[in-house]
Amino acid sequence: MTMLSQDWIRKSYEGLEEQAMNTLKYIQLPSNMERMGLTGAATWINTVFDPHVKMYSYAIAVWKDISLRTPLVIKNVQREKAKLIPVYREMYSGFICKNPLVTSIDREAMGLPSRHDMKQTPAPAPTSYVLSDVKLIGPGVIEIHYKDRDSVRRAKPSGVRGAEILWTVGDEPVDSWDDLVCSSVCTASPLRMTFHSRQRGKLLCFAARWENTRGVKGPLNEVTSAIIP
């Protein structure tokens, strides 16, 4: 089935339900999730995308029974569809559309358009800031969780490959980006960092910015510091 590049979401109630369920089941398989670099997005997929898909699927199951297809049932299907579509679009644009680890076979299995079906337009330079948060996981282990500052959800901005984390470890805090001499690129939040025992008690100072699929970088956020546990 060929899908228009302008809108890849299927129009019919049942078509959308089949498409969304195929995407959800495929993306939730641990082997697929890891291979496509989406392990860090598992929480969002399981707590945001999953419930919307399943609520819509349940509404469709009731709607399919002609004897139960009252105006209230129809209205419920329409309401759940309206809730699902923006979340589905966010999942696609944030995790699939520009993800180089997602193959054409993956897209076909998920009921999504191949790259050849989509208009190829260069990813724009990121303009939004990264909002980052530090979690102390255990001795010598820190996780940097990040999201888009302008969004209430965890998905990356459209066209973004991941976040570049500039960082350094020392005894004193730094306030200049020029002092952040190390760099790590993470395609899915969080970035887990493990340090040597001799680095425990020192300061990890870092700043983050988005990087798109062409390697173009966005603005850096403020320098943040945390004590390595």
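The legends below describe several close-up views of one predicted model. Local features are reported only where pLDDT is at least 70 and side-chain atom pairs only at pLDDT 80 or more, while totals for chains, interfaces and linings use all residues. Residues are numbered from 1 along each chain as its sequence is written, and side-chain values use heavy atoms, with hydrogens and water left out.

**View 1. The protein chain and its order of helices and strands.** The secondary structure comes to five helices and seven strands, where helices (H or I, at least four residues) and strands (E, at least two) are DSSP runs, numbered from the N terminus. Read along the sequence, the elements follow the pattern α-α-α-α-α-β-β-β-β-β-β-β. Taken along the principal axes, the C-alpha atoms of the protein chain fill a box of roughly 70 × 35 × 30 Å. Of the 229 residues, 47% count as buried; buried means under 20% relative accessible area, exposed over 50%, and partly exposed in between (1.4 Å probe, protein chains only).

**View 2. The packing of helix α3 against helix α4.** Helix α3 (residues 42-64) and helix α4 (residues 71-96) pack at an angle of about 150°, and their axes are 9 Å apart. That angle makes α3 roughly antiparallel to α4, given that angles under 35 degrees count as roughly parallel, over 145 as roughly antiparallel, 65 to 115 as roughly perpendicular and the rest as oblique. The axes are lines fitted to C-alpha atoms, for helices over the stretch in contact, and the angles run from 0 to 180 degrees between N-to-C directions. The residues of the contact of α3 with α4 divide into 19 nonpolar, two polar and four charged; here Ala, Val, Leu, Ile, Met, Phe, Trp, Tyr, Cys and Pro count as nonpolar, Asp, Glu, Lys and Arg as charged, and the others, Gly among them, as polar.

**View 3. Residue T70 in the loop between α3 and α4.** T70 lies in the loop between α3 and α4, where T70 is partly exposed, with a relative accessible area of 36%. The C-alpha atoms of T70 and V174 are separated by 64 Å, and these two residues are 104 residues apart along the chain.

**View 4. Helix α1 beside helix α4.** The axes of helix α1 (residues 13-28) and α4 come within 11 Å and cross at roughly 40°, which makes α1 oblique to α4. The crossing in which α1 passes α4 is left-handed.

View 5. On a 1 Å grid over the protein atoms alone, a cavity is a set of points where a 1.4 Å probe fits but cannot get out, a pocket is an open set with protein on both sides within 12 Å along at least five of seven lines, and lining residues have an atom within 4 Å of a point. The count comes to one cavity of 30 Å³ or more, and the largest cavity has a volume of about 110 Å³, a volume being the space filled by probe spheres set on the points, with grid points joined across faces, edges and corners. Of the 16 residues that line the largest cavity, the closest to its centre are F95, N99, P100, K156 and R161. The elements that give two or more residues to this lining are α4 and β3 (160-170), and the largest share, four residues, comes from α4. By class, the lining of the largest cavity divides into eight nonpolar, five polar and three charged residues.

**View 6. The second largest pocket.** The second largest pocket has a volume of about 260 Å³, and of the 15 residues that line this pocket, the closest to its centre are G40, A41, W44, R154 and S189. α3 and β2 (141-148) each supply at least two residues of the lining, and α3 gives the largest share, four residues. The lining of the second largest pocket divides into seven nonpolar, six polar and two charged residues.

View 7. P190 is placed in the loop between β4 (182-186) and β5 (191-194), and the peptide bond from S189 to P190 is cis, with omega near 5°. Most peptide bonds are trans. S189 is in the loop between β4 and β5 and counts as buried at 12% relative accessibility; the C-alpha atoms of S189 and E143, 46 residues apart along the chain, are separated by 8.9 Å. A188 is also found in the loop between β4 and β5 and is buried, with a relative accessible area of 14%.

Key: A crossing is left-handed if the near helix is turned anticlockwise from the far one by less than a right angle, and right-handed if clockwise.
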